[in-house]
Amino acid sequence: MRELLDQLDSYLASLYAPEDNHILGIEALLAPDIVFLGAWQGESLLGCGALRAMPGEADTSGRPYAEIKRMMVQPAARGQRIGARLLAALEDAAGERDLPLALLETGRDQLEAVRLYERAGYTLRGTFGGYPDNGLSLFYEKRLA
């Protein structure tokens with residue numbers, strides 16, 4: 001798991017300055033409000049994604065939500081719908097936790113991620129969760145219920 005997350009961190013660092021990367025570290029991924037999923041083929045971790053249960057806030061009209069974080073698929077494994085299946089599983093986990101809304105922040109330069117989210121029915125929205133509107137981030141939402 002650490003190797004895949006390190007690859008993701010390196011990729012993001014190649015695109016954005018440290019202050020523009022909004023990464024959950026390993027310790028944060030172990031918190032009880034986090035669902036962390038992996039896509040495995042035998043002993044190889046091909047992809048991962050996380051969901052963080054968040055309380056309502058002004059930007060969500062007081063509704064609690066699931067924040068999608070740490071989505072990554074190994075470059076060699078892309079094109080097999082692993083990301084789409086991980087995202088669907090995270091959405092299912094949100095539903096099991098009575099979280100009717102999924103939100104995420106991604107970088108405008110992460111074209112594969114943008115395509116994944118838009119194909120999955122996510123639509124652009126304004127900022128949330130205290131993220132800055134820095135011109136580098138795109139904010140998406142999907143109503144799950």
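## Gln 110 and its polar contact

A polar contact here is a pair of N or O atoms within 3.5 Å; within protein, one of them must be able to donate a hydrogen and the other to accept it, and residues adjacent in sequence count only if both atoms are side-chain atoms. Gln 110 makes one of these: its side chain reaches the backbone nitrogen of Gly 107 at 2.9 Å. This is a predicted model, where local features need pLDDT of at least 70 and side-chain atom pairs count only at pLDDT 80 or more, while totals for chains, interfaces and linings use all residues. Residues are numbered from 1 along each chain as its sequence is written, and side-chain values use heavy atoms, with hydrogens and water left out.

Gln 110 sits in the loop between S4 and H4; helices (H or I, at least four residues) and strands (E, at least two) are DSSP runs numbered from the N terminus. With a relative accessibility of 12%, Gln 110 counts as buried (buried is under 20% relative accessible area, exposed over 50%, partly exposed in between, using a 1.4 Å probe and protein chains only). Setting aside residues up to four places away in sequence, Gln 110 touches Tyr 11, Leu 12, Leu 15 and Tyr 16, where contact means heavy atoms within 4.5 Å.

## Helix H4

Which residues of H4 are buried? In this helix, residues 111-119, they are Ala 113, Val 114 and Tyr 117. Looking down the axis of H4, these buried residues fall within an arc of 100°, so they line one face of the helix; the arc is taken over the directions from the helix axis to the C-beta atoms. The cover over them includes strand S3 (65-73), helix H3 (82-96), strand S4 (101-107) and strand S6 (137-143).

Arg 119 has a relative accessible area of 71%. From Arg 119 to Glu 105 it's 14 residues in sequence and 16 Å in space, C-alpha to C-alpha. After H4 comes Gly 121, with a positive phi near 95°.

H3 has 15 residues and spans 21 Å from its first C-alpha to its last, close to the expected 21 Å (that's 1.5 Å times one less than the number of residues). Its buried residues are Ile 82, Gly 83, Ala 84, Leu 86, Leu 87, Leu 90, Glu 91, Ala 93 and Ala 94, and they pack against S1, S2, S3, H4 and S6. Just past H3, Asp 98 takes a positive phi of about 55°.

A nonpolar core means a set of buried Ala, Val, Leu, Ile, Met, Phe, Trp, Tyr and Cys residues joined through side-chain atoms within 4.5 Å. The largest one has 23 residues, and those touching the most other members are Leu 51, Ile 68, Met 71, Ile 82, Tyr 117 and Tyr 122. Two or more residues each come from strand S1 (34-41), strand S2 (44-54), S3, H3, S4 and H4, with H3 giving the largest share at 6 residues. Another core, of 13 residues, lies apart from this one; among its members are Leu 5, Leu 12, Tyr 16 and Leu 29.

## Helix H1

H1 covers residues 2-15, so to speak the opening helix by its numbering. Its 14 residues reach 20 Å from first C-alpha to last, close to the 20 Å expected. Leu 4, Leu 5, Leu 8 and Leu 12 are its buried residues. They cover an arc of only 95° around the axis, which puts them on the same side of H1. Helix H2 (26-29), S1, S2 and S3 are among what covers them, while the other side of H1 has Arg 2, Glu 3, Ser 10, Ala 13 and Ser 14 exposed.

S1 and S2 pair in the antiparallel sense over 8 bridges; a pair needs at least two DSSP bridges. They form a hairpin with 2 residues between them, and Gly 42 in the turn has a positive phi of about 65°. Ala 39 stands opposite Gly 47 in S2.

Arg 70, found in strand S3, has a positive phi of about 55° and is buried, at 8% relative accessible area. Arg 81, in the loop between S3 and H3, has phi near 65°, but at 59% relative accessibility it counts as exposed.
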